[in-house]
Amino acid sequence: MQKAIILQPQPRAWLEGSILRPYVSQYGEHLQRRRYAPNTQRAYLCCIAHFAYWLTQEGYDLEAIGQGAVMRFLSEHLPACACSDPVRRLRHELQAALGHLLEVLEAGGVVLQYPARNSAIEQELTRFDTHMRDVWGLADNTRRKRCRVVGGFLVEHFGEQRISLATVHAASIRRFVLGKQGEDPPPSPRSASSLAAISASAACPATG
């Protein structure tokens, strides 16, 4: 039986007044199935409330949500966030919470939108996916999640420029996953998994 996650009035109102309202219960169930501690469940739901409020202010439709919206929220809104407290602002925490949200939305039938990628990024992701399948023997779902993380990093780090994984440093990966202020708190298991996925992609030998 799902236990209700208690939120303060403001984040609760942000959720209830947003397009994410139909998915709040599913999100709570998702976290509880993964045995997150009650404090973590509350923190992540507050992160989703922050994102929900931003979606409302920006006039997003449900069909427009995806990795691109998450990246815009983290890269453009968060550094200049002036939302009234109480609000969660730690990038590594928000990124982890929003990763779960995308999984919940996708499971609920929402067709997520992804930023346009140049052909070099698509080729890099195809190479990484093939390596995960043929060399490491990873399952489809695991490969899909790792490609999502790595794709977001490549789009943010390289954009339309030529990809050179030799220029990818550990500090760049940590900054993407944890945020600029993310050097002090230890990474969560989900953040650590993201760090590992990007590092693994950079370490994969080139093919062809």
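What pattern does the protein chain follow when read along the sequence? The pattern is α-α-α-α-α-α-α-α-α. This is a predicted model, in which local features need pLDDT of at least 70 and side-chain atom pairs count only at pLDDT 80 or more, while totals for chains, interfaces and linings use all residues. Residues are numbered from 1 along each chain as its sequence is written, and side-chain values use heavy atoms, with hydrogens and water left out.

**Figure 1. The whole chain has nine helices and zero strands.** Helices (H or I, at least four residues) and strands (E, at least two) are DSSP runs, numbered from the N terminus. Of the 208 residues in the protein chain, 46% are buried. Buried means under 20% relative accessible area, exposed means over 50%, and partly exposed lies in between (1.4 Å probe, protein chains only). The chain exposes about 10900 Å², and carbon and sulfur atoms supply 51% of this area. Accessible areas come from the Shrake-Rupley method with a 1.4 Å probe; for residues, only the protein chains shown count as cover. Among contacts (heavy atoms within 4.5 Å) with a separation of 6 or more, 68% are between residues 24 or more positions apart.

**Figure 2. Helices α2 and α3 cross at roughly 145°.** Helix α2 covers residues 24-33, and its axis comes within 10 Å of the axis of α3. Axes are lines fitted to C-alpha atoms, for helices over the stretch in contact, and angles run from 0 to 180 degrees between N-to-C directions. The crossing of α2 and α3 is right-handed. A crossing is left-handed if the near helix is turned anticlockwise from the far one by less than a right angle, and right-handed if clockwise. On the α2 side, the residues that meet α3 are Val 24, Tyr 27, Leu 31 and Gln 32. Their counterparts in α3 are Gln 41, Tyr 44, Leu 45 and Ile 48.

**Figure 3. Val 24 lies in helix α2.** Is Val 24 buried or exposed? Val 24 counts as buried because its relative accessibility is 15%. Not counting residues up to four places away in sequence, Val 24 touches Arg 12, Leu 15 and Leu 45. Val 24 and Leu 45 are 21 residues apart along the chain, and their C-alpha atoms are separated by 8.1 Å.

**Figure 4. A salt bridge joins Arg 72 and Glu 58.** A salt bridge is a side-chain nitrogen of Lys or Arg within 4 Å of a carboxyl oxygen of Asp or Glu. A search of the whole structure finds eight of them. In this pair, the closest N and O atoms are 2.8 Å apart. The pair links distant parts of the chain, with Arg 72 in helix α4 (residues 67-77) and Glu 58 in helix α3 (residues 38-58), 14 residues apart. Arg 72 is partly exposed, at 30% relative accessibility, and Glu 58 is partly exposed too, at 38%.

**Figure 5. Arg 88 forms a salt bridge with Glu 93.** The closest N and O atoms of Arg 88 and Glu 93 are 2.8 Å apart. Arg 88 counts as partly exposed, at 30% relative accessibility, whereas Glu 93 counts as buried, at 13%.

Figure 6. An α-helix has 3.6 residues a turn, so residues three or four places apart point the same way. Glu 124 is buried, at 12% relative accessibility, and Arg 127 is buried, also at 12%.

**Figure 7. Helix α7 covers residues 140-158.** The expected span of a helix is 1.5 Å times one less than its number of residues. The 19 residues of α7 should therefore span 27 Å, and the end C-alpha atoms are 26 Å apart, which agrees. Buried residues in α7 include Arg 143, Cys 147, Val 150, Phe 153 and Phe 158.

**Figure 8. Two loops hold backbone features.** The peptide bond from Asp 85 to Pro 86 is cis, with omega near 5°. Pro 86 is in the loop between α4 and α5 (91-107). Arg 35 is in the loop between α2 and α3, and its phi is positive, near 60°. Most residues other than glycine have a negative phi, and most peptide bonds are trans. Arg 35 counts as exposed, at 77% relative accessibility.
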